[in-house]
Amino acid sequence: MNQQNPNMSPPTEDELQQMWSRITNEVKKRKQRRARNRLAVSASFVLLLTVSGFMYYDMQIRDDVYYAERADKKIVLADGSEIMLYRGARLTVEKSFPSDTREVSLEGDAIFKVSKSKDHPFIVHGADYDTKVLGTVFKVSQIGKTFSVDLYEGKVQINRVEKPKETFTIHPQETFTNLGSNKIATVASSSKSKKKEATISLNDVPLSDARKTLEQTYGIELILPKDRESSKITVISENARAENLIRQISLILNLNTKKINDHTYKLEE
């Protein structure tokens, strides 16, 4: 049995206070170390979740974007469809592609060779127009407000986004264009020679713009009365010859038609 040293004096009050301070400080340090460790573990867990979330978003959710920055770029989609992006064009493909409806968004110009599928339409969303196909080869051109589609194989259906029920169907070697206005739509032969027939839609456009449309589409000259150039005209004519469409416009505006030669027509009071 140990016996207490009779020469050892009990600690003073200051010594007791110092001992107590050292004990409490050590306890605080241990608690702080444990807190830092827990924080580090939590931060690592949050970082892991964040990285995993970004990876999941990038791999499963975020759309695929293809950009032909400096040169034309060829892309092959999951369904086998081939797209040639012209320089400066950008194609956005949803992660779910291909689904029941194969949809892509296009900025700029591109040629599409779409894999055939009767049950899965292929839709190209342009700035203001949608182009719907089942399997074909076609070119979409977008310059400013001008939207055009040239068809090489198959059949294509086009509609303006604001009027989805107003559709235009084009066949091989035909071109759809709005001539830079969402109030105009034409479907005519892609041949540079004179076009004999065309489908033309004019929606509340000035007669002067209607003249430009007919002249560009048919390769003719149309002379108008100066005081009627601002008159508005609305007409839809399918597979019409120039002479027949001009006569239709003259009847709407209560004007007379005069044929000067095979390439020149005149509307007069």
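**Nonpolar cores, pocket and cavity in the predicted model**

The largest nonpolar core comprises 30 residues, among which Phe 112, Phe 138 and Phe 176 make the most contacts inside it. Strand β10 (residues 146-153) contributes the largest share of this core, namely three residues. A second, separate core contains 24 residues, including Ala 198, Ile 233, Leu 245 and Leu 267. These descriptions refer to a predicted model.

Leaving aside residues up to four places away in sequence, Phe 112 touches Glu 82, Ile 83, Leu 91, Val 104, Leu 106, Phe 122, Val 124, Thr 136, Val 137, Phe 138 and Val 140.

The largest pocket has a volume of about 280 Å³. Its lining is formed by 16 residues, and Thr 169, Val 187, Thr 199, Glu 238 and Asn 239 are those nearest the centre of the pocket. By class, five residues of this lining are nonpolar, seven are polar and four are charged. At least two lining residues are supplied by each of the strands β12 (163-170), β14 (184-189), β15 (197-206) and β17 (232-241). The largest pocket lies between domain 1 (61-190) and domain 2 (195-268), because both domains give residues to its lining.

The largest cavity has a volume of about 110 Å³, and of the 14 residues that line it, Arg 160, Glu 166, Phe 168, Asn 182 and Ala 185 are the closest to its centre. Two or more lining residues come from each of β11 (156-160), β12, β14 and β15. The lining of the largest cavity divides into six nonpolar, four polar and four charged residues. Strands β12, β14 and β15 therefore give residues to the lining of the cavity as well as to that of the largest pocket.

Finally, the setting of Arg 87 was examined. Arg 87 is located in the loop between β3 (82-85) and β4 (90-93). With a relative accessible area of 62%, Arg 87 is classed as exposed, because this value is over the 50% cut-off. Apart from residues up to four places away in sequence, Arg 87 touches Ala 68, Glu 69, Arg 70, Ala 71 and Asp 72. Arg 87 and Asp 72 are 15 residues apart along the chain, and their C-alpha atoms are separated by 4.7 Å.

Notes: Residues are numbered from 1 along each chain as its sequence is written. This is a predicted model: local features need pLDDT of at least 70, side-chain atom pairs count only at pLDDT 80 or more; totals for chains, interfaces and linings use all residues. Side-chain values use heavy atoms; hydrogens and water are left out. On a 1 Å grid over the protein atoms alone, a cavity is a set of points where a 1.4 Å probe fits but cannot get out, and a pocket is an open set with protein on both sides within 12 Å along at least five of seven lines; lining residues have an atom within 4 Å of a point. Grid points are joined across faces, edges and corners, and a volume is the space filled by probe spheres set on the points. Helices (H or I, at least four residues) and strands (E, at least two) are DSSP runs, numbered from the N terminus. Ala, Val, Leu, Ile, Met, Phe, Trp, Tyr, Cys and Pro count as nonpolar, Asp, Glu, Lys and Arg as charged, and the others, Gly among them, as polar. Domain bounds come from an automatic or database domain assignment. A nonpolar core is a set of buried Ala, Val, Leu, Ile, Met, Phe, Trp, Tyr and Cys residues joined through side-chain atoms within 4.5 Å. Buried means under 20% relative accessible area, exposed over 50%, partly exposed in between (1.4 Å probe, protein chains only). Contact means heavy atoms within 4.5 Å.
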